[in-house]
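We will walk from the whole chain down to single residues, one stop at a time.

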Amino acid sequence: MTHPDGILIVDFGSQFTQLIARRVREQHVYCEIHPPSRNVAWIRDWKPKGVILSGGPNSVYGEGVPTAQPELLTMGVPVLGLCYGMQVLAQLAGGRVVPAARREYGRADVRIEGGKLFKGFTTGATTPVWMSHGDHVDEAPSEWHVTASSENSPIAAIEHDRLPLHAVQFHPEVAHTPRGGEMLANFLFEICGCTPSWTPEHFIQTELAKINAMVGPERRVICGLSGGVDSAVAAALVHRAVGDRLTCIFVDHGLLRLGERHQVEHTFRRNLGIDLRTVDASNEFLADLAGVSDPEVKRKRIGHRFIDVFASEAQKVGDDVGFLVQGTLYPDVIESFSPTGGPSVTIKTHHNVGGLPAELPFTLIEPLRELFKDEVRQIGRELGLPEEMVGRHPFPGPGLAIRILGEVTRPQLELLRAADAIYLEEIHAAGLYDQIWQAFAVLLPIRSVGVMGDGRTYDQVIGLRAVTSKDGMTADWFPFPAEVLALISNRIANEVAGVNRVVYDVSSKPPATIEWE
């Protein structure tokens, strides 16, 4: 898709790269993240209004480290280097990058000395920023001048005398740089000349035009609906474009939360008027999972069975079906490459029930592949989806199968459903649901000794997980009030037969993942 005001972000492996993209999009400017293997010819074809070089964990003088082509500096497109990105620019321009006498991590005060990036700042005044570097620019390149300095980094920001090239040693994208948003806004609007046109309304109108042009006036479209936010918004968007030529297929694999099938059917049929066909294949899925404990085997068996069931049902829709809707999001796209341009390491197989492989005989429609999760929610609200659907926590395609650590059986599913329902009910009752990115119960593969009614028990253990996050790429555990956790624990232990112990997971991502499997 062509974006006349697009910003290209080159990812050198920084933990903050996605945050850069989010900060740019918060200014209503479109951006994409790409690896440094993109050459200057590719960048010219992409036609960015500006380029941002991210930070990264390497030293520019190391062997085989990611860098950029020298032609990037002279192609006439504004460039902003952040941390490692600054060091790349300085090295390409003939400056000197050396190990800092003192590594600098955390808050620092920089003195503003002028420059377009700091328009609106008082020259000579200081502003707090967030540093995270072991190297720094020791000597500015020829025709570059210093625009900010700090006690430990005399060259904390630089700007070219003639060309639209700017760089800072710190991270304006993080919240610990309070005026970082102003710096990025200066780059986007004062230096690059972007227009803040990346809005939900603009996106919807653009996508509707694309979908109509792709599908034409006669062909039908199918969508594998999971009941989650992504597939729901994708279906609603396509439905607005093609109307009753969209058919959604909801496969009930028997691994759903309590009452989930009813909620999906009610929402889509009553609120959206979409042709929804439900297939109950729970027996087939549970048969596939019999005796299976390995999480990767679970995911693959669920994925394969889902494809078979979906393909069989899709054939019943009609011969004029030519397109398949997938709820692919932007994090799914950018996780597919590494900063060196190769494939990323697979932590676990991601199978989204709303997503199917391209081997099926349909042309893919992925209307959300340029969006982050929060943007998807905004689009859903703009499309008129009810809040109980748009605001739902993410739910994995394999469902409760990967929240039962061990073999999946009907009794274990019923036990976990009951515990999970109590957990979510109390989170809602406490008014905490919207403060949490994702919350769920996990059935652990252990038993523990307990006492109930003066008698010994040897029952199962439920783990509770709740995290805060922006997009699921990183996450931190949610600090529940003690009285809320106590109430949840007491209810589960007293109301769910077979459970005598409840534990709370206080792991962040990384090092843990959000899901346990």
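## The whole view

Of the 517 residues in this protein, 56% count as buried. Keep in mind as you look around that the model is predicted. Colour by secondary structure, and you can find 14 helices and 18 strands. The C-alpha trace spans about 75 × 65 × 40 Å along its principal axes. A compact globule with 517 residues would have a radius of gyration near 24 Å, and the 26 Å of this protein agrees with that. Among contacts with a separation of 6 or more, 76% are between residues 24 or more positions apart.

## Stop 1: the sheet of 9 strands

Which order do the 9 strands of the open sheet follow? Trace them as S2-S1-S3-S4-S9-S8-S7-S5-S6, with mixed pairing. Select 31-34 for strand S2 and 126-139 for strand S6: these stand at the edges, and each has a single partner strand, so one side of each lacks a neighbour in the sheet. From one strand to the next, the twist averages 20°.

Now zoom in on residues 157-160 (strand S8) and 165-168 (strand S9). They run antiparallel and are joined by 3 bridges.

Next, select residues 17-26. This is helix H1, which lies across strands S1 (7-10), S2, S3 (50-53) and S4 (79-82). Compared with S2, helix H1 runs at about 165°.

## Stop 2: a helix on the inside

Select residues 84-92, helix H3. Is this helix largely enclosed or exposed? Here 7 of the 9 residues are buried, so H3 is largely enclosed by the rest of the structure. The buried ones are Tyr84, Gly85, Met86, Gln87, Val88, Leu89 and Ala90. After the helix comes Gly94, with a positive phi near 100°.

Pick Leu89, which is found in H3. Its relative accessibility is 0%, so Leu89 counts as buried.

## Stop 3

Move on to another open sheet, where 5 strands pair in parallel in the order S12-S11-S10-S13-S14. Strands S12 (275-280) and S14 (363-365) are at the edges with a single partner strand each, so one side of each has no neighbour in the sheet. Ignoring direction, neighbouring strands here are turned by 30° against each other on average.

Select 220-225 (S10) together with 321-325 (S13), and you have two parallel strands joined by 4 bridges. Val221 has Phe323 in S13 as its bridge partner.

- Residues 229-242 form helix H6, which lies across S10, S11 (246-252), S13 and S14 and runs at about 165° to S10.
- Residues 295-315 form helix H9, which lies across S10, S11, S12 and S13 and runs at about 140° to S11.

## Stop 4

Select residues 282-289, helix H8, and look down its axis. The buried residues are Ser282, Phe285, Leu286, Asp288 and Leu289. They cover an arc of only 155° around the axis, which puts them on the same side of H8. An α-helix has 3.6 residues a turn, so residues three or four places apart point the same way. On the other side of H8, Asn283 and Ala287 are exposed.

What covers the buried residues of H8? The cover includes S11, S12, H9 and helix H13 (410-429). Just after H8, look for Gly291, which takes a positive phi of about 80°.

## Last stop: the cysteines

How many disulfides does the structure hold? There are 0. Select Cys31: the nearest cysteine sulfur, that of Cys194, is 10 Å away. At 0% relative accessibility, Cys31 counts as buried. For Cys194, the closest cysteine sulfur is in Cys192, at 5.0 Å, too far for a bond. Cys194 has 8% relative accessibility and therefore counts as buried too.

Methods: Residues numbered from 1 in each chain as written. Predicted model: local features only at pLDDT ≥ 70, side-chain atom pairs only at ≥ 80, totals over all residues. Heavy atoms only, no water. Pairing = 2+ DSSP bridges. Axes fitted to C-alpha atoms, helices over the stretch in contact; angles between N-to-C directions. Contact = heavy atoms within 4.5 Å. Buried < 20%, exposed > 50% of the residue type's maximum accessible area, 1.4 Å probe, protein only. Disulfide = S-S within 2.5 Å. Arc of directions from axis to C-beta. Rg over C-alpha atoms; globule rule 2.2 N^0.38 Å.
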